[in-house]
Amino acid sequence: MESQEQLQILKHLVSLNSVNGNEAAVADYIQHLFADHGIDSQVIPYAPGRSNLVAEIGDTTSDHVLALSGHLDTVATGDPANWQFPPFDAHVENNVLYGRGSADMKSGLAGMVITFINLADAGTPLKGRLRFIGTVGEENGAMGSRMLTQQGLADDLDGLVIGEPTGGNLVYAHNGSLNYHVFCQGKGAHSSMPEKGINAITNLIKFVTAEKTAFDNAPVSPELGPLVHNVTVFKGGEQVNSIPANAELQGNIRPIPEFDNQAVIDRLHQVVDQLNQEPDVHLTLHIDYSFKPIISDPQEKLLQLTKSIADQEFGHPIQLQVIHGATDASEFTKSANHFPVAVYGAGEWSAAHSTNESVDLDQFAHVQRVYQKLAEEFLA
């Protein structure tokens, strides 16, 4: 495929607004692209306007499977007026493409799509199956990868590549991510008679104070470092002269294998249960979603092969790295099947979710060629 055609695929993907939804438009576009090149694919609906997409090429009789996976959604744009170029214009300037999702992760998605098309057009023999997985909702709950994992889509994998933006470097480990709510039930009253009420804000602040030190004794991961935790959203009160009857907060925690998601959940329950022993404190904990941490052995064939190919493609040794975000791998690896995960893509990790998000087009081209060479050699 010519470079201009590859660029048009990337530009079209970025131009499709799939902010936390509308993934069906992205899935439909990729499905039609695949069909134009003789590749069958399956749209798997999640909800109205939201669809996953799965495709396979290679030896259909083989039980040797490599998956290339990317999410079809993006985060919100924020105020478009703050962008140098409109976030869905896919503007190219000085060999850089700007737009929401250009790094996270429609450049990875485009590279995987192009890889499938190139291999199919060339009739490249593969001693195994190459699977494309496009998922909904990774940015807000990973419901797509959870759904597909429950349907058994990861049960036969020998390796998985997630196309998140890594700047062409290879990520072999990442933290988990756990989101939670704490709700506080108080009692409304006139602010001139606070003794008649129960201040939900005051009581919820007790949780914020306790949470700050709740994980002080958590071990430190030699790979991922310390567990990271924050209270990030706080809501309470309706009127300045009324004692608030309700308040709620949200928090985000980045678990590590040494203090995993269940340990985090248990600790949160301990904090809430202890505070609820105080008079008039009524807190309720709700876990919104829970991604587990991922660590693959850098010596696994998938990771060693990816690094070797990328070293040659970029003309210098790429870095082995860890990141503190989470990916769809946290859901796919809930399968009983054990397989290594390589997180590898174009675009800088620091560009993800940012205003004026962008991807360098030379880096995009290099990464696409790494995907293609990896598929050819892993399935050789």
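Guide: Helices (H or I, at least four residues) and strands (E, at least two) are DSSP runs, numbered from the N terminus. Over residues 172-276 the chain is 28% helix and 32% strand. The model is predicted: local features need pLDDT of at least 70, side-chain atom pairs count only at pLDDT 80 or more, and totals for chains, interfaces and linings use all residues. Residues are numbered from 1 along each chain as its sequence is written, and side-chain values use heavy atoms, with hydrogens and water left out.

Visitor: Why are α2 and α3 called roughly parallel?
Guide: Angles run from 0 to 180 degrees between N-to-C directions, with axes fitted to C-alpha atoms, for helices over the stretch in contact. Under 35 degrees counts as roughly parallel, over 145 as roughly antiparallel, 65 to 115 as roughly perpendicular and the rest as oblique. The axes of α2 (residues 23-36) and α3 (residues 106-122) cross at roughly 20 degrees, and α2 and α3 are therefore roughly parallel.

Visitor: Which residues of α2 meet α3?
Guide: Contact means heavy atoms within 4.5 Å. Val-26, Ile-30, Leu-33 and Phe-34 in α2 meet α3 residues Lys-106, Leu-109, Val-113, Phe-116 and Ile-117.

Visitor: What makes β11 and β14 edge strands?
Guide: Two strands pair if DSSP finds at least two bridges between them. The open sheet has the order β11-β13-β9-β14, with antiparallel pairing. Both β11 (228-236) and β14 (283-291) pair on one side only.

Visitor: How many bridges join β9 to β13?
Guide: Eight bridges join these antiparallel strands, and His-181 stands opposite Gln-250 in β13.
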